[in-house]
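Here is a short report for a first look at this structure. Please keep the sequence and the 3D view open while reading.

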2 protein chains.
Amino acid sequence: MTELARKALLPAGLQDVLPGTAAREADIREKLMSSFAHAGYDRVKTPLVEFEESLLEGAAPELATQTFRLMDPVSHRMMGVRSDMTPQVGRIAATRLGDAPRPLRLSYSGDVLRIKGTQLRPERQFAQVGAELIGVSSAAADTEIVLLALEALEHVGLPDVSVDLNLPTLPVRLFDAFGVAADDRETLIAALEHRDVAAVKAVSGNVTDVLVALLEAAGPAQAALPKLKKLELPLGASEELHRLIEVAERILASDLDAALTIDPVEMAGFRYQTGVSFTLFAKHVRGELGRGGRYRAGGSGGEAATGMSLFMDTILRGLADAKPVERVYLPLGTPQREARKLRKDGHYTVAALEGAAEAKTEDAARKEARRMGCSFIYLGGQIVPLGA
Amino acid sequence: MTELARKALLPAGLQDVLPGTAAREADIREKLMSSFAHAGYDRVKTPLVEFEESLLEGAAPELATQTFRLMDPVSHRMMGVRSDMTPQVGRIAATRLGDAPRPLRLSYSGDVLRIKGTQLRPERQFAQVGAELIGVSSAAADTEIVLLALEALEHVGLPDVSVDLNLPTLPVRLFDAFGVAADDRETLIAALEHRDVAAVKAVSGNVTDVLVALLEAAGPAQAALPKLKKLELPLGASEELHRLIEVAERILASDLDAALTIDPVEMAGFRYQTGVSFTLFAKHVRGELGRGGRYRAGGSGGEAATGMSLFMDTILRGLADAKPVERVYLPLGTPQREARKLRKDGHYTVAALEGAAEAKTEDAARKEARRMGCSFIYLGGQIVPLGA
């Protein structure tokens with residue numbers, strides 16, 4: 001490895017974001033956050049690290065294995081680097097904003113760090129943008145969060161978005177109702193994950209009929225809903241399914257332009273959800289745009305909540321590249337006052353610098369302007385196109 | 001400690017940023033970044049962690065003691081959590097942007113983490129916003145960075161900004177030129193830090209006259225410049241001082257409305273600067289707004305560079321609080337389409353939610369709107385002020 005390559009080497013799953021992309025990410029992030037703000041979601045900012053104990057409280061055990069630990073030399077207690085911001089926002093809602101009126105609508109953006117990437121998401125640092133609706137357990141709240149995500153994605157111009165509605169708690173609830181043995185549960189969960197109807201059928205017991213029916217109902221909402229409505233499920237499971245159906249119908253009744261599918265037995269990737277959940281995709285874009293769903297803010301005893309996180313990397317992959325900024329080259333001797341006026345008027349300037357390549361003639365200045373990637377040059381008080 | 005207080009407890013120097021403040025910070029940060037962008041500075045984003053070796057390369061030894069370390073389970077190498085973004089930007093300039101045309105103008109924003117706070121800056125996490133001008137060693141470049149900071153601070157409306165120009169390498173250069181012994185150096189550095197003329201004079205040798213003259217020259221630029229111009233310094237030191245004088249005169253010649261002071265022997269807080277440096281203050285605001293100066297990008301053998309970092313916490317303290325957003329309450333039954341149109345038109349809405357406090361009459365809706373902190377209510381297709 002050369003010295004340069006060695007210096008450029010970053011740990012796996014971490015990256016430098018270069019000009020163009022970094023500006024684009026910030027722009028889209030702030031547009032998403034603005035969309036949340038206009039729907040009444042108040043921005044909060046959580047710390048990069050906090051005590052392990054509070055960071056992991058109420059979080060899925062899975063999160064603990066994903067979280068880097070640091071020793072705090074001040075308190076001599078262990079801290080964790082945030083690997084998901086949702087539990088932090090839940091903590092803020094329960095503590096500092098415990099007395100704020102409910103429903104409490106909060107939004108956040110920031111980077112999180114994970115110990116290991118996954119095959120689907122090799123990044124170990126990624127930017128989350130999210131919103132949480134805390135203190136309400138209704139289907140209207142479930143729906144608001146889905147529509148909020150869709151409106152924000154529409155606002156940044158992401159085309160062909162689809163929502164997959166899920167009920168990640170349903171399989172376990174069915175296992176409980178039908179008294180499925182522990183071994184069979186594992187087999188069934190693996191079979192559901194692979195959408196393997198034959199493997200589900202291979203397990204004996206009444207639960208298999210229901211699971212097969214749920215697997216076969218999965219698909220576009222218009223076709224799935226009538227099938228799901230016909231299903232008879234045990235108490236508890238039935239209520240959950242009807243909540244899912246109600247949310248699906250509310251989303252369909254909105255006029256947001258997104259495809260809706262339902263996959264009631266999808267469990268993968270939901271870490272702390274306790275009810276109706278969803279995953280967002282866009283046609284031709286690899287990976288999820290985001291995911292969310294119902295949970296308890298602050299852990300199992302906490303307030304009813306629903307929320308979602310959007311993933312900046314996937315969203316950026318789904319958007320056309322930003323048009324590069326057109327810049328105006330300011331030759332040596334351009335008065336500061338005029339330069340500032342151009343910038344105030346919205347122009348992007350690149351000033352010639354004494355001590356750098358000094359272009360003393362107009363021809364040389366035009367050449368230098370091109371070398372610096374400018375499209376225009378400021379000559380005699382005018383912005384002049386550089387041409388080819 | 002109650003359970004709630006325990007949950008709310010964060011490690012010393014770390015904090016939750018609450019509604020209002022978090023939005024304000026993001027808004028001001030993006031305005032500063034926009035100001036840099038309009039002056040041709042390209043945004044980059046650096047990773048939260050990277051290999052310790054590259055993170056600390058070219059950084060002051062002081063930085064190493066401020067940096068949290070993590071073991072990377074993928075590579076089994078030590079990583080560091082960024083405690084300053086400037087060395088990371090220098091690394092990007094030297095590697096990924098090694099072939100980009102010079103001068104290279106880069107900007108960045110992000111949070112950094114330090115192991116311990118200082119008395120002046122007890123925060124251990126704080127948001128930096130900065131810009132680096134790489135590949136030019138001229139006085140014009142030194143000046144550009146100072147004026148860039150001033151223009152950005154003017155853009156966010158921060159009043160009464162002042163610049164203190166410094167030359168943190170000057171004392172050591174003088175010690176070398178005058179052959180000052182190691183013990184005396186320590187005494188003199190402490191004396192300079194406390195601006196203690198008597199303590200400087202107590203050290204014998206020719207260097208004291210020069211140091212006292214420099215201490216006594218310090219102050220507003222208009223008065224300091226004639227005094228500094230009269231000083232005769234040994235070769236090397238003299239060149240540095242004349243660079244400082246040239247930069248001061250260039251700043252005075254610009255018409256930006258900031259007070260300029262010169263303190264040529266100020267060394268405190270400069271970690272890697274190699275030439276003309278500066279600190280930014282605002283009247284009536286505790287602490288520095290930012291600091292910067294000349295350095296070598298990528299360490300001692302690296303490219304000529306100058307740059308600066310602004311500190312979001314101090315800047316926010318210097319600005320009036322943002323006016324709270326005025327919100328429109330949308331009673332139950334407001335059509336989604338109308339709600340979206342209001343938001344598209346720039347309004348901030350708070351939608352009534354089935355399952356939350358349901359206000360079925362107009363009076364109840366008005367009461368609920370007030371409870372939710374709204375200033376307006378949407379009734380009969382109109383935005384109506386709520387009144388008192």
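Leaving aside neighbours within four places in sequence, Asp84(A) is in contact with Leu63(A), Val112(A), Arg114(A), Gln128(A), Arg271(A) and Tyr272(A). Contact here means heavy atoms within 4.5 Å. Asp84(A) sits in the loop between strand S4 (78–81) and helix H5 (86–94) of chain A. Helices (H or I, at least four residues) and strands (E, at least two) are DSSP runs, numbered from the N terminus.

Is Asp84(A) buried or exposed? Asp84(A) counts as buried because its relative accessibility is 4%. Buried means under 20% relative accessible area, exposed over 50%, and partly exposed in between (1.4 Å probe, protein chains only). The side chain of Asp84(A) makes a polar contact of 3.0 Å with the side chain of Tyr272(A). That side chain of Asp84(A) also reaches the backbone nitrogen of Thr86(A), at 3.2 Å. A polar contact is a pair of N or O atoms within 3.5 Å; within protein, one must be able to donate a hydrogen and the other to accept it, and residues adjacent in sequence count only if both atoms are side-chain atoms.

## How the model is described

This is a predicted model: local features need pLDDT of at least 70, side-chain atom pairs count only at pLDDT 80 or more, and totals for chains, interfaces and linings use all residues. Residues are numbered from 1 along each chain as its sequence is written, chains are lettered from A and ligands numbered from 1 in the order in which they are written, and side-chain values use heavy atoms, with hydrogens and water left out.

## One face of helix H11 in chain B

Helix H11 (residues 221–230) of chain B has these buried residues: Ala221(B), Ala224(B), Leu225(B) and Leu228(B). Seen down the axis of H11(B), they fall within an arc of 105°, so they line one face of the helix. The arc is that of the directions from the helix axis to the C-beta atoms.

On the other side of H11(B), Gln222(B) and Lys230(B) are exposed. The cover over the buried residues of H11(B) includes helix H10 (207–217) and strand S9 (259–263) of chain B.

## Where the chains meet

In chain B, 98 residues are in contact with 98 residues of chain A. There are 20 salt bridges between the two chains. A salt bridge is a side-chain nitrogen of Lys or Arg within 4 Å of a carboxyl oxygen of Asp or Glu. One of them joins Arg343(A) and Glu151(B), with the closest N and O atoms 2.7 Å apart.
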